[in-house]
Amino acid sequence: KARQKQKMVKAKKTADAGGDDWMFEKTGSSDLKLSSSQNMFCFLWSLVFTAAPVFIYVTVHGLSFEKWGIVFGVVTLLSSVIMTFAHQNVATGLKLRLLDMRDVQAESFFDKQSDKQKQKLESSSAAREVITWESIYLALAENFSRFFFLAVFLGLYLLRSAPSPVNYVVSVSLPAAMLSYSSMRK
């Protein structure tokens, strides 16, 4: 109990002093990482959403899938990987904020000796799992809305006079790169 109180007092003092590292002390850095199944979930959704512009460029711009299929595949795959990094970064930031707002403690915060602490740990674990998935879904929604806005803006306005293959490559890969870069800065 004394160790718990020391951690809470230290976290509170650091927070009151305006430091940003207090959240990491409160949650534990290992609690913030997404699992491999959660990362795969983000990648699959990234693959679906970055492949959506292919339909537009095949039907509207007249790019044949047989001729430009390799370009479509490479750009979609690379953009999906880049978008997955953006999802991870945004989800981690959202998870940090949600853990703090809902005052959920990290697993490493509890001593696993007493029954009362075991019950708190179990309820805290369930809350952390809900918060993790909530942050993933919010990150997906935020990133995909920004991705589609940027892709449409680039494809229909800024690059409308560019050749269709160049238009596709830039209007799909650039928004993914911009989102990934902006997610690292948060």
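Residues are numbered from 1 along each chain as its sequence is written, and side-chain values use heavy atoms, with hydrogens and water left out.

The average pLDDT (the predictor's confidence in each residue, from 0 to 100) is 79, and 72% of the residues score at least 70. Over residues 11-28 it stays under 50. Where pLDDT is low, the predicted coordinates should not be read in detail.

The helices named here are DSSP runs (H or I, at least four residues), numbered from the N terminus.

| Helix | Residues |
|---|---|
| α3 | 36-59 |
| α5 | 115-158 |
| α6 | 164-185 |

The axes of α3 and α6 (lines fitted to C-alpha atoms over the stretch in contact, with angles from 0 to 180 degrees between N-to-C directions) come within 11 Å and cross at roughly 160°. That makes the pair roughly antiparallel (over 145 degrees). Thr50, Pro53, Val54 and Tyr57 of α3 are in contact (heavy atoms within 4.5 Å) with residues of α6 including Ser164 and Tyr168.

In α5, Ala139 is buried (under 20% relative accessible area, 1.4 Å probe, protein chains only), at 1% relative accessibility. Beyond its neighbours within four places in sequence, Ala139 contacts His87, Val90, Ala91 and Leu94.

Methods: Predicted model: local features only at pLDDT ≥ 70, side-chain atom pairs only at ≥ 80, totals over all residues. Helix = DSSP H or I, 4+ residues; strand = E, 2+ residues; numbered from the N terminus. Expected span 1.5 Å × (residues − 1). Parallel < 35°, antiparallel > 145°, perpendicular 65-115°, else oblique. Buried < 20%, exposed > 50% of the residue type's maximum accessible area, 1.4 Å probe, protein only.
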